[in-house]
Amino acid sequence: MAIRELVVGGGCFWCTEAVFELLRGVQDVESGYANGHLPNPTYRDVCTGDTGYAEVVKITYDDSVITADTLLDVFFATHNPTTLNQQGADRGTQYRSTILYTDEETKEAAEAAKEAAQENWNDPIVTRIEPLENYYKAEAYHQDYYRQNPMQGYCMAVIPPKIAKLKAKFGEEVK
């Protein structure tokens with residue numbers, strides 16, 4: 001058993017976190033901000049779109065239960081990687097599709113997953129694969145947001161379809 005981490009951004013971190021928390025082998029999913037230029041950013045800072053940060057999740061997982069390849073497949077299947085700086089109504093560079101790597105193995109896995117995922121999309125995938133430069137944990141109220149706020153309007157509208165996609169395509173991986 002090896003505990004590993006994967007950092008991805010697929011739009012709003014509430015949505016991404018809600019999907020990955022359901023997978024077997026995932027021990028923790030933490031919402032945060034990555035690859036920006038402002039020290040200790042806040043949600044308000046990041047929402048301006050001027051900080052360079054992406055809303056991301058840091059997935060801590062047991063790679064003897066679930067692999068990075070499977071996590072990357074889930075990533076590409078549960079958000080739209082063909083829209084630049086946008087997921088649904090959320091627009092801005094903070095909502096970009098990105099995979100942030102800390103080693104060559106993860107970079108290569110991300111590139112292979114992106115190439116394989118292209119078969120499922122008519123438009124070109126615009127997901128950025130880049131080194132993780134910096135990461136800050138988001139404020140406490142963003143952690144486990146969907147689990148704590150399932151009746152919030154945005155959550156009710158956006159997250160259940162993502163979870164349905166996850167269960168339909170990766171049901172054997174769901175807790």
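Predicted model: local features only at pLDDT ≥ 70, side-chain atom pairs only at ≥ 80, totals over all residues.
Residues are numbered from 1 along each chain as its sequence is written, and side-chain values use heavy atoms, with hydrogens and water left out.

S2 and S3 are antiparallel and share eight bridges; two strands count as paired if DSSP finds at least two bridges between them. Strands (E, at least two residues) and helices (H or I, at least four) are DSSP runs numbered from the N terminus. S2 also pairs with strand S8 (residues 135-137), again antiparallel, over three bridges. There, tyrosine 33 stands opposite tyrosine 136. Seven of the nine residues of S2 are buried, where buried means under 20% relative accessible area, exposed over 50% and partly exposed in between (1.4 Å probe, protein chains only).

## The sheet

The open sheet has six strands in the order S7-S6-S1-S3-S2-S8, with mixed pairing. Its edge strands, S7 (128-131) and S8, each pair on one side only. From one strand to the next, the twist averages 35 degrees. S1 and S6 (residues 97-101) run antiparallel and are joined by four bridges, and glycine 10 has serine 97 in S6 as its bridge partner.

Helix H4 lies across S1, S6 and S7 and runs at about 175 degrees to S7. Axes are lines fitted to C-alpha atoms, for helices over the stretch in contact, and angles run from 0 to 180 degrees between N-to-C directions.

## Nonpolar cores

A nonpolar core is a set of buried Ala, Val, Leu, Ile, Met, Phe, Trp, Tyr and Cys residues joined through side-chain atoms within 4.5 Å. The largest one has 40 residues, of which Phe20, Ile59 and Leu71 touch the most other members. At least two residues of this core come from each of S1 (3-10), H1 (13-20), S2 (26-34), S3 (54-62), H3 (68-77), H4 (104-117) and H6 (153-170). H3 gives the most, with seven residues.

Leaving aside neighbours within four places in sequence, leucine 71 is in contact (heavy atoms within 4.5 Å) with Leu6, Phe20, Leu23, Val26, Ile59, Tyr61 and Ile66. Another core, of six residues, lies apart from the largest one and includes Val7, Ala34, Ala54 and Leu100.
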